[in-house]
Amino acid sequence: MRIILLGAPGAGKGTQAAIISKELNLTHISTGDIFRYNIKESTELGKQAKVYIDKGQLVPDELTIRIVVDRLNKPDCSRGFILDGFPRTVVQAESLDAEMSQKGTPIDYVINIEVPDQVVIDRLSGRRVCLECHAVYHIVSNPTKTPNKCDICGAEVIQRSDDREETIRQRLKIYHEQTEPLIAYYSRRGILQTVHGEYGIEDLNNKIMKVLGVS
């Protein structure tokens, strides 16, 4: 089973992809995680990507396509995968379709997680991440027991630069301009399903699993 999750930043794609990959034994591919790893390690790709990410802009298609296609060719993707954060543009979608067509393994499901912009802003601007173990918190719904200290390892907990409100608004603007057209693209192909994602993790997961026919 090959699945794409669409949705605005903060819609819940990463959380749902992690749950679904475990439940269905699929490889979870997050372009966000890949880029953050490369940035942390200061690889050449990471240095190039950081310039765009720090400004709340999308990483150019050429860079993104290169790293994702390479990842899809790994052996653990042969049994299926769930893509989180890719494609983000119609150009990327067309490149992915060409790759999948060449391999004879088309995408089975595209699920669009629909969440209002204000919900996204509230979710992301309140998010905090541990510098060491990368545990994720929220200042309202899941605060740390000790201010700015990770409950798990005690390291500093910070707000990532791409979780600041001004950056979130810029990310949303770019999403609506560049990524939202994918909804029409995949709808024309007849493989798009839209689910509402503002009501909680379990509710959203139930909706997605129903779409996948495994609820």
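Modeller: In helix 2 (residues 31-40), the buried residues are Thr-31, Gly-32, Ile-34, Phe-35 and Asn-38. Their directions cover an arc of only 165° around the axis, so they lie on the same side of helix 2. This is a predicted model.

Biologist: Why do residues three or four places apart point the same way in an α-helix?

Modeller: Because an α-helix has 3.6 residues a turn.

Biologist: What is on the other side of helix 2?

Modeller: Tyr-37 and Lys-40, which are exposed there. That label requires over 50% relative accessible area.

Biologist: What covers the buried residues of helix 2?

Modeller: The cover includes strand 2 (27-30) and strand 3 (81-84), together with helix 3 (44-53) and helix 4 (61-72).

Biologist: What makes you say that both faces of strand 3 are covered?

Modeller: Phe-81 and Leu-83 are on one side, Ile-82 and Asp-84 are on the other, and all are buried. Buried means under 20% relative accessible area, so with buried residues on either side, both faces count as covered.

Biologist: How do you know that strand 1 (residues 2-7) and strand 3 pair?

Modeller: Pairing takes at least two bridges. Strand 1 and strand 3 have four, in the parallel sense, so they qualify as paired. Within this arrangement, Arg-2 stands opposite Phe-81 of strand 3.

Biologist: And which residue stands opposite Phe-81 where strand 2 is joined to strand 3?

Modeller: Thr-27. Strand 2 and strand 3 run parallel and are joined by four bridges.

**Loops**

Biologist: Why is Ser-42 called partly exposed?

Modeller: Its relative accessibility is 43%. The class lies between the limits of 20% and 50%, so Ser-42 counts as partly exposed.

Biologist: Where is Ser-42, and what is its phi?

Modeller: Ser-42 is in the loop between helix 2 and helix 3. Its phi is positive, about 55°, although Ser-42 is not a glycine. Most residues other than glycine have a negative phi.

Biologist: Which residue other than glycine has a positive phi near 65°?

Modeller: Asn-148. Asn-148 lies in the loop between strand 6 (136-138) and strand 7 (157-158).

Biologist: What makes the peptide bond between Phe-86 and Pro-87 cis?

Modeller: The omega of that bond is about 0°. Most peptide bonds are trans. Pro-87 is found in the loop between strand 3 and helix 5 (90-103).

How values were computed:
Residues are numbered from 1 along each chain as its sequence is written. This is a predicted model: local features need pLDDT of at least 70, side-chain atom pairs count only at pLDDT 80 or more; totals for chains, interfaces and linings use all residues. Side-chain values use heavy atoms; hydrogens and water are left out. Buried means under 20% relative accessible area, exposed over 50%, partly exposed in between (1.4 Å probe, protein chains only). Helices (H or I, at least four residues) and strands (E, at least two) are DSSP runs, numbered from the N terminus. The arc is that of the directions from the helix axis to the C-beta atoms. Contact means heavy atoms within 4.5 Å.
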